[in-house]
Amino acid sequence: PPLFYTSFYANSLCASDHKSGIQRLNELATQHALPPRQFLVLTHTNLIRYTKTRPLDELMAILQRRLTNNNDEELLSFCRLYGSKEACACALMIACPAPSCSLVPSPTIAARAGRNQVASPNRYDTRPATEDPQAKKMAKLAFFKIGFDMVGNHSARHAGLVLLLSRLLRPLFNSPILISPKPGEVQLCFDLYMLNEMNTPLVGLYSFLLELS
């Protein structure tokens, strides 16, 4: 059966019928909502667990190393590999508070899941493996350093911000906000847990933009 996540963002990556499981989206489009992928390898002596590094985690490691070596080459290589727009979006995810799984599962999601398995919240943390306040400051600097490239008619900073915002608002694009189960009756499709989880990263982005004004 499909797996339903306690994280609203992770669940928003399901198909609109909420029965088809997580869509096979590009990792760049899901890393704000899904944790790093893990692989179990069984050998004749033990069981080995491998964790795939997401672009978000890769950039965090680069920024942490830059604190000591003061070398921009790795950052520029990251930018060339993923493009200025995606690099700026990743930098924003590190610089601003990232959404993490709900401590309490959403009743709405639990109802949708029915008998299907609901993922445990402490197993599905989407934040970078290491959180470093200095790296967050460095991410803000990197956002401006790599954001001068032009993407169409706009800077990479503008394109990265719009890209991240569209991914954070994906739940609103994926399903109706209001439904009318009966004539004259209107019902909100999102409960308090969902709205709170959606609001957290938006507040982080808002605070970041206020610092720039």
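The model is a predicted one, and the values below are computed from its atoms. Helix α7 comprises residues 133–145, R54 sits in the loop between β3 (47–51) and α3, and the structure holds three aromatic pairs.

**Helix α7**

- With 13 residues at 1.5 Å a residue, α7 should span 18 Å, and the distance of 19 Å between its end C-alpha atoms agrees with that expectation.
- The buried residues in α7 are A135, M138, A139, A142 and F143; because they cover an arc of only 150° around the axis, they lie on the same side of the helix.
- P133, K137 and L141, by contrast, are exposed on the other side of α7.
- As background to this pattern, an α-helix has 3.6 residues a turn, so residues three or four places apart point the same way.
- The cover over the buried residues of α7 includes α3 (55–69), α4 (73–82) and α5 (84–95), together with α8 (156–168) and α10 (192–212).

**The buried arginine R54**

- R54, which is placed in the loop between β3 and α3, has a relative accessibility of 1% and therefore counts as buried, the cut-off being under 20%.
- A polar atom of the R54 side chain lies 3.1 Å from the backbone oxygen of Q31, and the side chain of R54 is also joined to that of D57 by a polar contact of 2.8 Å.

**Aromatic pairs**

- The structure holds three aromatic pairs; one of them is formed by F78 and Y82, whose rings are tilted, at 4.8 Å centre to centre with 50° between the planes.
- Both F78 and Y82 belong to helix α4, where they are four residues apart, or about one turn of the helix.
- F78 counts as buried at 2% relative accessibility, whereas Y82, with a relative accessible area of 24%, is partly exposed.
- The rings of F143 and F208 have centres 5.6 Å apart and planes at 80°, so this pair is edge-to-face.
- That pair links distant parts of the chain, since F143 is in helix α7 and F208 in helix α10, 65 residues apart.

Terms used
Residues are numbered from 1 along each chain as its sequence is written. This is a predicted model: local features need pLDDT of at least 70, side-chain atom pairs count only at pLDDT 80 or more; totals for chains, interfaces and linings use all residues. Side-chain values use heavy atoms; hydrogens and water are left out. Helices (H or I, at least four residues) and strands (E, at least two) are DSSP runs, numbered from the N terminus. The expected span of a helix is 1.5 Å times one less than its number of residues. Buried means under 20% relative accessible area, exposed over 50%, partly exposed in between (1.4 Å probe, protein chains only). The arc is that of the directions from the helix axis to the C-beta atoms. Contact means heavy atoms within 4.5 Å. A polar contact is a pair of N or O atoms within 3.5 Å; within protein, one must be able to donate a hydrogen and the other to accept it, and residues adjacent in sequence count only if both atoms are side-chain atoms. Rings of Phe, Tyr and Trp (its six-membered ring) pair if their centres lie within 6.5 Å; planes under 30 degrees apart count as stacked, over 60 as edge-to-face and the rest as tilted.
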